[in-house]
Amino acid sequence: MSLPRIAALAVLAAVAFGGAANAQTAPAPQAAPQVSAAALAPPKLIVTIVVDQFSANLFNQYRSQYTGGLRRMADQGLVSTNGYQTHGLTETCPGHSTVLTGMHPTETGIPANDWIDTRTGKEIYCLAAPQNHLAHGRDDTDNGPVGPDQLRATTVGDWLKAISPNSKVMAVSGKDRGAINLAGHQGQAFWFTDGFGLTTFVEPGQTAQAKLAPVAAFNTGFKAWMEANPVTWDYQRDECRARSGDWTIRGQTFHSVLPPAGLKFDTSPLLDEQTLKAAEYLLETQRLGQGATTDMLGVSLSGTDRIGHMYGTQGPEMCEQMYRLDTALGAFLDKLSQVPGGALVVLTADHGGSDFVERLHQNGYPEAHRVDLAPIAAINATLRQRFNLDANPLQMGGSGLMVADKERRSLADPLRTQVAEAAVELLRAVPDVAFVETRDRLLTDPLPDSRQPEMMTVRERMRLSTLPERSPDILIAFAQAANLGGRVGGTLAGHGTPWEYDRRVPIIFWWPGAHGEERFLPIRTIDIAPTLAHVMGVPAPKVEGRCMDLNGFAVSDCPATELTPAR
């Protein structure tokens, strides 16, 4: 690449950072020009936006107050007010894995963010790829070497690349699991890492320089911007300031104010603002949607999740995050409206979330509380005595309980099965346990029909999160509004449950010139992939999701969906 070209890219990257530090002065987004829906051809760019921990409740809470991108999408887009993640273990990695595969976690191979290798007792990250390296040269950071290998399903981007090798499929995120799940097996994934900028994975035979080439100039500009702009976060809205207060959490005082204690780039609105700047940079420099073929861009926004965990969802922190995210998305939609080949955007979430239980308790939910794990300790003592074991057999791992020795290695059958079944009977008597079952028993259930996700039983939801070798020995769900753990300076609130506040997510399709339409019947995140494939005219393999007509593009009606037999 010539020096003038490098210089031009560096200038473009540097310009990208100018607005984030002063988001409150950003101009109001301009309305997109109205285009006749009947005249729209299949778009040249498909953009998938996943807002991490963006529950339907949170979207609806602020819907009337948005003025930027989220308001534009809500008013002009095709809005499904009852969108669902259908499975029970609602975490980031499995949730992202459903969006562009059209498959449930039990089929994508991603049941949770982590699971336990039963032979070694070691924890395995959902996208672990030990044969790879991290492009920034620090394999001991983040989640270590990663890649798409653990994802057993293919994605829309993979289907597109199979018939159009020159199409570009790219994704950017604050997290590796956000970017990689959206990029699929054939795309390019980039995510932020501390002190570096955007990184990616490097497979054997590849070089870090080549893999980082698409974002090298962005990283130069980002580093300069970070050095010139210390991380700050203060009030921009009085209604958010009014949500401040002090809370006692497990004997410690949490000051819910701005700026929060321990403020960092990746636990502030800056993370999503810069992720969207990176997406704009890729849009411009890679000329996405401007070639002869269709391109795809995935954008996973991690800020809402980080803020929700650290500070809860009903304080000044999330209030300011909602408004700043709305503004940043407005600027991004302005860019997408200028794509010559046209753009189709779908926005959803990997899961929902809830507030921390102390504030829920005060706000009218007396049942909200933190789970007492003492009964499980007592059950361990009972099991040790009953089966003459020299260590506690129940250990937390992989979003459930493992039946293991003190090194966390699985007990050999038939002892493992006997202990697990005895533990389940004892756990069912614990007041906070709403559901518990052994993995082996759950796997004998057929896969449920999820087309009416709101009607599914908890057992059916948990079945869609269960895999033979990656799920824990015992799957467990605690009562609604009951939270495990929690500490000031760490995780105050969480998700991962089969309850509606963690499963219900917005699903919105938008394109420049779209006319607002509200749909109330439930749809699922697994319905997104076959819908996008149909719009692009890309053949899709048999998936669990079904195609939805968007009423805006010059394509034939969605093909009839066969009933998926129980298996």
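Leu373, Met396 and Leu484 make a nonpolar surface patch of about 250 Å². The model is predicted. Met396 belongs to strand 15, residues 394-396. This residue counts as partly exposed because its relative accessibility is 43%, and the band for that class lies between 20% and 50%.

**Strand 7 and its neighbours**

Strand 7 spans residues 188-193. Five of its six residues are buried, so the strand is largely enclosed by the rest of the structure. Strand 6, residues 169-173, pairs with strand 7 in the parallel sense. Four bridges hold that pairing. Within it, Val172 has Phe190 of strand 7 as its bridge partner.

Phe192 stands opposite Leu198 of strand 8. The hairpin of strand 7 and strand 8 has three residues between the strands. Gly195 takes a positive phi there, near 70°. In a regular strand, side chains alternate between the two faces of the sheet.

**Helix 4**

Is helix 4, residues 92-99, enclosed or open? Eight of its eight residues are buried, so helix 4 is largely enclosed by the rest of the structure. The buried residues include Cys93, Pro94, Gly95 and His96. Thr92, Ser97, Thr98 and Val99 are also among them.

**Salt bridges**

The structure holds 31 salt bridges. Side chains of opposite charge can pair when their charged atoms come close.

| Pair | N to O distance |
|---|---|
| Lys175 and Asp52 | 3.0 Å |
| Arg138 and Asp140 | 2.8 Å |
| Arg416 and Asp473 | 2.9 Å |

The side chains of Lys175 and Asp52 meet in a salt bridge. This pair links distant parts of the chain, 123 residues apart. Lys175 sits in the loop between strand 6 and helix 7. Asp52 sits in the loop between strand 1 (45-51) and helix 2 (56-62). Both Lys175 and Asp52 are buried.

Arg138 and Asp140 also meet through their side chains. Arg138 is partly exposed, with a relative accessible area of 41%. Asp140 counts as exposed because its relative accessibility is 59%, and the cut-off for that class is over 50%.

The side chains of Arg416 and Asp473 form another salt bridge. This pair, too, links distant parts of the chain, 57 residues apart. Arg416 lies in helix 16, residues 415-427. Asp473 lies in the loop between helix 18 (458-463) and strand 18 (474-478). Arg416 counts as buried at 7% relative accessibility. Asp473 counts as buried at 2%.

A network of salt bridges links Glu421, Glu425, Arg428, Glu437, Arg441, Asp445 and Arg459.

**Arg306**

Which residues does Arg306 touch, not counting those up to four places away in sequence? They are Gly174, Lys175, Asp266, Thr267 and Leu271. Lys175 is the salt-bridge partner of Asp52. Arg306 and Asp52 are 254 residues apart in sequence. Their C-alpha atoms are 8.5 Å apart in space. Arg306 is found in helix 12, residues 303-311. Its relative accessible area is 22%, so Arg306 is partly exposed.

Technical notes. Residues numbered from 1 in each chain as written. Predicted model: local features only at pLDDT ≥ 70, side-chain atom pairs only at ≥ 80, totals over all residues. Heavy atoms only, no water. Buried < 20%, exposed > 50% of the residue type's maximum accessible area, 1.4 Å probe, protein only. Helix = DSSP H or I, 4+ residues; strand = E, 2+ residues; numbered from the N terminus. Pairing = 2+ DSSP bridges. Patch = residues over 30% accessible without salt bridge, like charges linked within 9 Å, V, L, I, M, F, W, Y side chains within 5 Å. Areas by Shrake-Rupley, 256 points an atom, 1.4 Å probe, with all protein chains shown as cover. Salt bridge = Lys/Arg side-chain N within 4 Å of Asp/Glu carboxyl O. Contact = heavy atoms within 4.5 Å.
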